[in-house]
Amino acid sequence: MPPKITIVGCGQAGSSIAYHCLQRGFPIRLLDARPEPQVKHNQQIPWGWYRKISLQSSLKRRVTTPAFPFPEFSDHIHLTKGPMLITTQHDHVVDQWTSWIDQCEGTDARVVRPSDVESTFELSSEYFKGNGGVFVCDTRDYLMDFNALNTHLWAYFDAHPDCEWVKSCTVHRVCPERGTQNQNPVVLDTSHGPLSSTHTVFTVGNQSSTLFPEQPIAQIRLPYASIHLPVHHKYISLWNKDSSVLFYQDGTTKVACGVQSVFDGRASNWRTLHHFMAMGL
């Protein structure tokens, strides 16, 4: 029998890891501070955008796959379908897009030049000033509803015989276990009492700073606003460097920060910030 893996945190990352561990025959124990999955209205992100970022380098191609990781849930979480666009005013970015398309086997992504954007997507060609263009994501891409995905995953965990669920469980501290020769065991000091674990995965996001204060933590804010403004467009989302807009099937329009984000220096661990500076972020 494979060893039981304890996964602390059952959000997007923790749920994904737990699912794939169970699929591969590993029993798991899930700890999460919430009694139920967190519900957020229109918690949808673009799977195609993720795929483009993940597969744009040879290094990432070796550790990622273009296949959707939860095929049995796909019909339940693809709520908004249609073309997803990324715009740029720079020709060298278009050259990189074209190179990526040539290297990505099976994709039908394409680039539309400024001269054709008005007739194709009703975008103003004046924005481009004759440069750059529009990257049209693969037709297999869509906006993935993370709220719906988490709901289905939590129901899957509830029903799985090899999954031990500990809900409403907060981890306060991580301590090494004394007096044992097992493989790096730890004791988790939790709101449900001490729990021993020999194989532990922590997926607690920015909360990591409370459990591991010596680790580099940078808190990133992604500002956005949602309004109910039913509109019809020839695309479901549009990104550029500074802004983005997403049109959901229920008439909600989400305006956000595009591919930029806000680094919150006040909430960051300055003692470990040099780790991020070394990565060029």
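Biologist: What are patches made of here, before we look at one?
Modeller: Patches are made of residues with over 30% relative accessible area and no salt bridge, with nonpolar side chains joined within 5 Å. Keep in mind that this is a predicted model.

Biologist: OK. Which residues form a nonpolar patch on the surface?
Modeller: I227, L229 and V231 do. Together they have about 250 Å² of accessible area.

Biologist: Where is V231 found?
Modeller: V231 lies in the loop between strand 15 (224–228) and strand 16 (237–239).

Biologist: And why is V231 called partly exposed?
Modeller: Its relative accessible area is 41%. Partly exposed covers the range between buried, under 20%, and exposed, over 50%.

Biologist: Moving on to strand 16. How many bridges pair it with strand 17?
Modeller: Three, in the antiparallel sense. A hairpin of four residues joins the two strands. L238 stands opposite V245 in strand 17.

Biologist: Are the residues of strand 17 buried or exposed?
Modeller: Buried, on both faces. S244 and L246 are on one side, V245 and F247 on the other.

Biologist: What about strand 17 and strand 18?
Modeller: They run antiparallel, joined by four bridges. S244 stands opposite A256 in strand 18. These two strands also form a hairpin, and G251 in the turn has a positive phi of about 95°.

Biologist: New topic. What is the order of the open sheet of three strands?
Modeller: The order is 10-11-12, with antiparallel pairing. Strands 10 and 12 each have a single partner strand, so one side of each is left without a neighbour in the sheet. The twist averages 25° from one strand to the next.

Biologist: Which residue is the bridge partner of V187?
Modeller: S196, in strand 12.

Terms used. Residues numbered from 1 in each chain as written. Predicted model: local features only at pLDDT ≥ 70, side-chain atom pairs only at ≥ 80, totals over all residues. Heavy atoms only, no water. Patch = residues over 30% accessible without salt bridge, like charges linked within 9 Å, V, L, I, M, F, W, Y side chains within 5 Å. Areas by Shrake-Rupley, 256 points an atom, 1.4 Å probe, with all protein chains shown as cover. Salt bridge = Lys/Arg side-chain N within 4 Å of Asp/Glu carboxyl O. Buried < 20%, exposed > 50% of the residue type's maximum accessible area, 1.4 Å probe, protein only. Pairing = 2+ DSSP bridges. Axes fitted to C-alpha atoms, helices over the stretch in contact; angles between N-to-C directions.
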